[in-house]
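Please take a first look at the model shown here.

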Amino acid sequence: MQLVVIAVAAGLLVTAAFIFFLARGDDGGSGPTKKSVSANVQLTLAGVQNANAGAPATFGDDAATQIMTAVGQYVDRGLVVPVKTGKPAADVSGLFDAGTQAAIQGPDRDVLFESGKPALTGDFKPAAEPVMITALSDGNGQFVLATATFAYRADVGVEGGTLNTARTIALTFTPENGEWKITGYDVSLTRQGAQVEGSTTSTVKK
Amino acid sequence: MTTRRRTVLLTLVGPPLCGVLLACMVMAAWVGVGLPLAKGETWFTIQQVPPVAGASFTSGQPDQVQFFLAVGNDSRDPNGVGLGDAIHVIAVNPGAKAASIIDIPRDTSVGGGGKVNSILANGGLGQFTQTISNFVGVPIKFSITTNFAGFTDMVDEFGGIDVNVQEPMHDVDSGADFDPGVQKLNGPGALAFSRDRHSFSAGDISRTANQGYLIISALQNVQQRAVGAGGVLNLLGNVGRHVQMENVSFQELYRLSRLVLTIDPANIKNVVIPTGGGSGTNLSPGAGIDGLFADFRDDGVLQSH
């Protein structure tokens, strides 16, 4: 009888472990489809569309993960941390390729990134829609360009009420020395609410 | 091209098409008498010809004036290049957000006694581009040529192009059969529109101007469809499956596409070069051509034409 109880218990344990393993795999898994790439915002991959200039090729999970990781870093470092700290975005230049460095330090900066102003005095609720990646392969099946498109919004408690910011973001990546770097962008920013008269919309493209 | 492949292309391309590449495609509409169209795998050649303009093209959009050449050829071979029968030099000025199209009639004599169109067939795209570059006096960064099958396929896969036809076009030879007003042209329709010269008293001059007008209309169509960054990549993929590309990267085409999509069609001038008489059917460069080219050359924007 004791052996039967032990056997049943062991069986249940193995079954529970198996179910846990499956559940864990579904949540994270090897693909980038479910796991959020941001520590601050639920930021997941909606899907990948392959645009093949040659033979059919599929944008791999590794590459998609690299793109998503960069997107997560952009959101965290460029959009979330400045609001939380009240300081301008830092450590973002490494996400961009050499040709965009001047632009991101110029007038585009205020649309691409949060500045930390006005200061956060209340709640901060950032949110993002899933990211859609479109990737282009050349005639040799090598992926040479990819865009990550998503929407991001945040409600920021500031003096006088809540400031609402909404961005539609398209980041274009290209491989540079083995890493996917942002080589172009199309970002539209709308602000309304506290400390804004009416609403303002700004767009930057590169 | 197989039915399945065409279906896939249509699915991928659909509305989100890239402006400049479609414009390039349309601007390569050509003239001449056509044979029944064959569905080809390759219809497009892009070739960069030195010396290139010294423009920054390393990242983002180009920041200096870009000159490039779109030329349609009369090859019935889907993979071939024939006479350069539709010749358009395009300048894009990023700072001014403006562009200009210089249309060169196919019968123009640019020296040596022959018509310019034969240089493409005899010397290839490189020699042809160099000839046009020397003739107009601008550094052409790259050139593009297409043939019948590729043109019609691309227009069809784009879903047609809305064109405001200015005057009646009814011509058996080209197949044009359009009343004035906005018409949605499919591939064969756009081809007929580009080829018709018999409907106009000015003949080939009007036809050449219409080709430039079709380019601008195509750009307008793409802009109205609100193509985004991902849509540009979809079109590049679509084009790439049909084209031969030399010395121009997808990154460059992407950036140029994005730039062209920001230009208001109202800021694009389309001018046919002045021509005079010549031996046979040759057209000699006409009075005022030097001034036109000088106006074009300095910044790619035609201020006085």
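The model is predicted, so local features need pLDDT of at least 70 and side-chain atom pairs count only at pLDDT 80 or more, while totals for chains, interfaces and linings use all residues. Residues are numbered from 1 along each chain as its sequence is written, chains are lettered from A and ligands numbered from 1 in the order in which they are written, and side-chain values use heavy atoms, with hydrogens and water left out.

Let's begin with helix 3 of chain B, residues 117–136. Helices (H or I, at least four residues) and strands (E, at least two) are DSSP runs, numbered from the N terminus. After helix 3 of chain B comes B:G137, with a positive phi near 85°. Among the buried residues of this helix are B:I119, B:L120 and B:F128. Buried means under 20% relative accessible area, exposed over 50%, and partly exposed in between (1.4 Å probe, protein chains only).

**Charged pairs**

Side chains of opposite charge can pair when their charged atoms come close. How many salt bridges does the structure hold over all chains? There are 13, each a side-chain nitrogen of Lys or Arg within 4 Å of a carboxyl oxygen of Asp or Glu. Here are some of them.

| Pair | Closest N and O atoms |
|---|---|
| A:R153 and A:D155 | 3.3 Å |
| B:D85 and B:R106 | 3.6 Å |
| B:D204 and B:R207 | 2.8 Å |

A:R153 is partly exposed at 41% relative accessible area, and A:D155 is partly exposed at 23%.

**Two more residues**

B:L256 belongs to helix 8 of chain B (residues 250–260) and is buried, with a relative accessible area of 1%. Its C-alpha atom is 10.0 Å from that of B:D63, although 193 residues separate the two along the chain. A:R191, in strand 6 of chain A, is buried at 16%.

Technical notes
The expected span of a helix is 1.5 Å times one less than its number of residues.
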